[in-house]
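Here is a brief report on a structure and its contacts. The sequence and model come first.

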Amino acid sequence: MPGPYTPALIRGMTQPRTRRDAFRIAGLSAAGLALAACGVQGQKVAPPKADAVADFWSKQKKNGQVIFANWPEYMPEDKGPLEKFKAETGISYEYKEVINENAEFFGKADPVLRAGQSLGYDIIVMTNGIQLQHMIELGYVVTLDQSKLPNFLANAGEKYKQRSYDPGNVHTIPYTSGVTGIAYNTKYVKDDITSIAALFDPKYKGRVGMMADAQEIANFGMIALGIDPEKSTEADWQKAGAKLKAQREDGIVRKYYDQNYIDAVSKGDIWVTMAWSGDVFQRQLAGEPVKFVVPDEGGTIWTDNLMIPKGAANPVDAMMLMDYLYKPEVAAELDEYIQFVTPVPAVQDLLRKKADSATGEDKQALLDMIDSPLMFPTEADYAKLRTYTPLTTAQEQVFNPIFQSITQA
Amino acid sequence: MRRGRLGDRLLHGYTWLVIAWLSSPIAVMILFGFNDTPSKSNTSWHGFTLKWYAQLFAIPDLTDALWNSVLIALVSTAITVVIGTMLGLALGRHRFRGQGTTNFLVFAAISTPELVMGASLLSLFVSANLPRDRITITIAHVLFSLSFVTVTVRARVVTLDPSLEEAAKDLGAGPWATFRQVTLPSILPGVLAGAMLAFALSIDDYVVTSFVNGSTLTFPLWIVGSVKTGIPPQVNVMGTLIFGIGVLIAIANAVAARRRAHT
Amino acid sequence: MRRLTPYLLALPSWMWLAIFLVVPLAAMASVSLQTGNVIDGFVMTFSFSNYGDAISAYGTQFARSLLYGGLATAAMLVIGYPVAYWIAFKGGSRKSMYLFLLLLPFFVSFVLRTISWGFLLSDDGILFGTLKGWGLLPPDFHVLATAFAVVAGLTYNWLPFMILPIYVSLERVDPRVVEAAQDLYATRSAAFRKVVLPLSLPGVFAGVLMTFVPATADPINAQVLGGTGNTMIGNIIQTEYLVNNDYPTASALSFTLMAVLLVGIFIYARVLGTENVLEAAAR
């Protein structure tokens with residue numbers, strides 16, 4: 001069977017070839033590159049040496065264009081921030097809302113990047129988690145040039161400069177964040193829920209929603225046991241697994257949800273659920289009876305991150321745009337639209353100033369945002385927030401089955 | 001026969017009941033296209049508005065995605081109907097070497113999990129260094145609709161009496177004339193049914209498309225992505241338009257058919 | 001020339017299937033025998049144990065999928081046959097209009113349909129909330145997050161794929177033949193059994209093939225409408241592939257699923273009274 005997949009082989013495909021070669025190529029695509037044809041050996045890369053990074057960046061120059069791939073509805077419809085960037089720098093942009101889901105995006109990017117081809121994007125956005133870790137481990141993400149990040153270094157909150165999944169901001173900088181906590185329907189739940197124990201309370205039997213994602217649910221199992229997920233060990237996972245399994249077997253959980261838990265809790269199908277802050281904020285704006293809390297024992301913070309995929313054609317322009325998004329007024333414009341948690345603390349004041357000069361509905365909308373802990377968590381909230389368990393590939397193979405055997409039985 | 005008429009009336013009502021059942025979520029979708037929601041979530045009722053109709057094309061990527069979907073559905077349906085009908089005829093009418101294998105492939109194309117089909121097609125396109133765009137999406141859509149058209153057409157072909165075609169040939173009609181004047185009219189209901197299935201499969205596909213789309217967006221892809229922040233009401237309006245145009249086509253078709261029947 | 005006809009007719013589809021289906025299937029076969037992980041790569045080890053491991057780990061979900069798929073297919077047949085029958089014999093000039101209306105809801109994204117179902121069927125929603133308000137249902141009654149909801153969802157989603165092929169073969173039957181048969185056999189049911197039903201069997205076979213197979217493999221309905229303990233094999237394949245990046249297990253599961261479905265269709269064809277499934281499919 002063929003050896004490692006090389007550009008030479010790709011070139012070879014455009015040239016006449018023998019039957020055997022055709023078979024080889026079929027076999028390759030068969031093995032699916034990503035799926036690693038026989039003999040595609042480890043792709044894991046050692047972290048690039050500092051001078052190699054400097055060398056890479058010294059060879060790059062501004063090309064006057066950038067292609068930005070993002071999730072839908074993560075940029076105002078008038079593309080305001082991008083338009084301003086274009087006006088200020090002369091760099092034209094293409095903006096594509098092509099990322100729907102991390103796992104799916106990785107599944108799609110992996111074969112392309114593994115084949116040494118370009119995704120065709122200069123900036124992509126992915127949430128911290130297993131797939132992002134894979135991207136970094138596989139060397140699919142360009143090492144950033146720290147000297148090109150003045151706005152980020154000046155304006156990002158401390159919490160956002162120290163992320164355990166990317167220490168030193170080597171590969172990524174945050175785009176927007178959210179908190180995983182508990183949401184409950186105040187029409188059905190009359191008590192004030194403050195503790196994570198509510199998710200395990202037999203009082204809410206059959207009315208509790210948990211998340212299907214292995215990391216999310218593991219976090220809450222561990223937090224309920226007083227374990228910090230970030231520092232957890234295999235024994236902790238087993239304990240959390242046992243607790244979550246008991247919760248399921250006692251009939252407390254109605255369902256393990258992906259996205260649609262928010263509909264279920266706002267309609268009252270479930271009363272208490274694990275939830276993402278941004279979803280709940282939207283429901284509150286719509287006047288639905290849902291409340292969000294970061295449990296006393298702790299919640300988790302997730303972050304969507306900007307990064308440059310390997311093979312990007314315009315890395316310098318990409319870095320300029322990434323850093324530009326950290327100008328407070330630009331970050332404010334983004335956050336006012338996205339309505340998640342911004343990594344730039346100055347945004348709160350800017351929006352307050354804007355609210356002062358606004359009137360009527362606009363003013364009210366801005367005030368709602370400024371005052372919401374869902375968009376601007378308090379210091380006390382931040383103090384309670386934990387981050388995901390960083391997993392190696394070997395650990396993942398232990399970690400995932402523990403929790404998937406609960407959510408997917 | 002008296003009893004029969006009552007039975008027919010009951011069945012008539014039942015047919016409409018099934019149509020109503022299938023359309024019931026569409027009614028909700030249409031309703032929420034008129035919802036004056038103050039937030040990004042569009043799931044609770046806040047009063048009537050037409051503003052989403054006015055701002056229908058305010059989200060350029062969504063508009064592009066819709067056109068891509070319609071275009072891809074039309075082209076892939078056209079291709080699938082032609083080659084699927086040919087295969088359906090071959091399988092239903094003829095005996096040939098490789099028939100068993102062909103039947104197996106038709107079965108395999110239906111039973112391959114969508115995810116696996118999408119992922120392995122992507123690998124194929126990557127190794128052929130083929131850029132992913134509307135063309136690769138169309139290729140994939142033809143692939144997964146092909147069996148549905150083939151199977152539907154075959155179900156029609158096997159009920160036909162081949163002697164008609166023999167007669168046409170005996171009367172001196174060439175193969176093309178025989179096909180156009182005898183075969184095609186008699187298999188037409190199967191071809192039309194297959195076309196409708198292919199169109200429905202294409203315009204609503206998510207999984208396979210999500211692998212082979214490159215940076216091209218389709219309507220379902222954009223919607224799935226927007227679930228994270230809340231599906232904007234414009235999506236409901238576009239759905240309503242698709243449905244509305246469909247209803248108009250159905251009515252026009254019925255009227256035209258009635259005219260034909262009367263003349 | 002005559003002898004060449006079937007080959008010429010099949011040629012374009014053959015090419016399509018050979019390039020875009022056979023190559024990927026070969027790929028899947030190869031991957032299903034490899035071992036490794038996404039970071040260190042996968043190596044061909046002819047690890048047939050991937051199959052055994054996958055089946056023993058997920059036997060429950062396999063059995064459940066076949067059960068749900070089978071129940072949904074039976075429901076579609078029962079619900080859909082009368083519709084196909086009525087449209088074929090009494091639809092008159094509006095036949096295509098009825099068919100089109102049956103399919104039209106499926107031209108609009110499944111996400112919107114799904115959300116709407118959630119709205120209609122929620123525990124205290126416009127349907128059950130009202131009935132509960134009248135005391136017609138116990139307060140804890142719910143449909144969402146149950147096996148029933150999953151089977152109903154599968155039935156809903158694939159029903160037109162059952163109706164259309166049955167219609168297509170019934171439409172060929174001359175209504176006068178049925179009337180004559182009714183005179184001959186005296187009862188409607190006897191006429192139906194002896195004349196209409198046999199003529200519609202190719203359509204029923206096509207309908208079952210086009211609904212049972214995809215319904216059994218479907219991941220979406222279990223994910224959206226099911227609760228704990230309703231996970232189907234399609235969901236597992238998705239998780240193994242996308243989340244765990246365990247491509248060999250996902251491929252082994254997919255092949256096993258295809259094999260199981262093929263056996264299912266084969267048994268069904270035997271019940272229909274044909275010697276060979278492939279022949280049955282060709283009938």
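## Domains of chain A

The model is predicted. In chain A, the domain assignment gives domain 1 as 1–42. Domain 2 of chain A takes two segments, 50–177 and 302–375. Domain 3 of chain A also comes in two pieces, 178–301 and 382–407.

## Domain 2 against domain 3

The C-alpha centres of domain 2 and domain 3 of chain A are 27 Å apart. Their contact draws 17 residues from domain 2 of chain A and 19 residues from domain 3 of chain A. On the domain 2 side, α6 (130–137) and β9 (299–307) of chain A are the elements that give two or more residues. That side of domain 2 of chain A splits into seven nonpolar, eight polar and two charged residues.

## Chain A against chain B

Chain A puts 35 residues into the contact, and chain B puts in 34. The largest share, five residues, comes from α5(A). By class, the chain A side holds 17 nonpolar, nine polar and nine charged residues.

## Chain B

Chain B has 11 helices and zero strands. Its C-alpha atoms fill a box of roughly 70 × 65 × 30 Å along the principal axes.

Of the 263 residues in chain B, 53% are buried. Among contacts in chain B with a separation of 6 or more, 80% join residues 24 or more positions apart.

Methods
Residues numbered from 1 in each chain as written. Chains lettered and ligands numbered in written order. Predicted model: local features only at pLDDT ≥ 70, side-chain atom pairs only at ≥ 80, totals over all residues. Domains from an automatic or database assignment. Contact = placed C-beta atoms within 7 Å. Helix = DSSP H or I, 4+ residues; strand = E, 2+ residues; numbered from the N terminus. Nonpolar A, V, L, I, M, F, W, Y, C, P; charged D, E, K, R; others polar. Buried ≥ 20, exposed ≤ 12 C-beta atoms within 10 Å, placed from the backbone.
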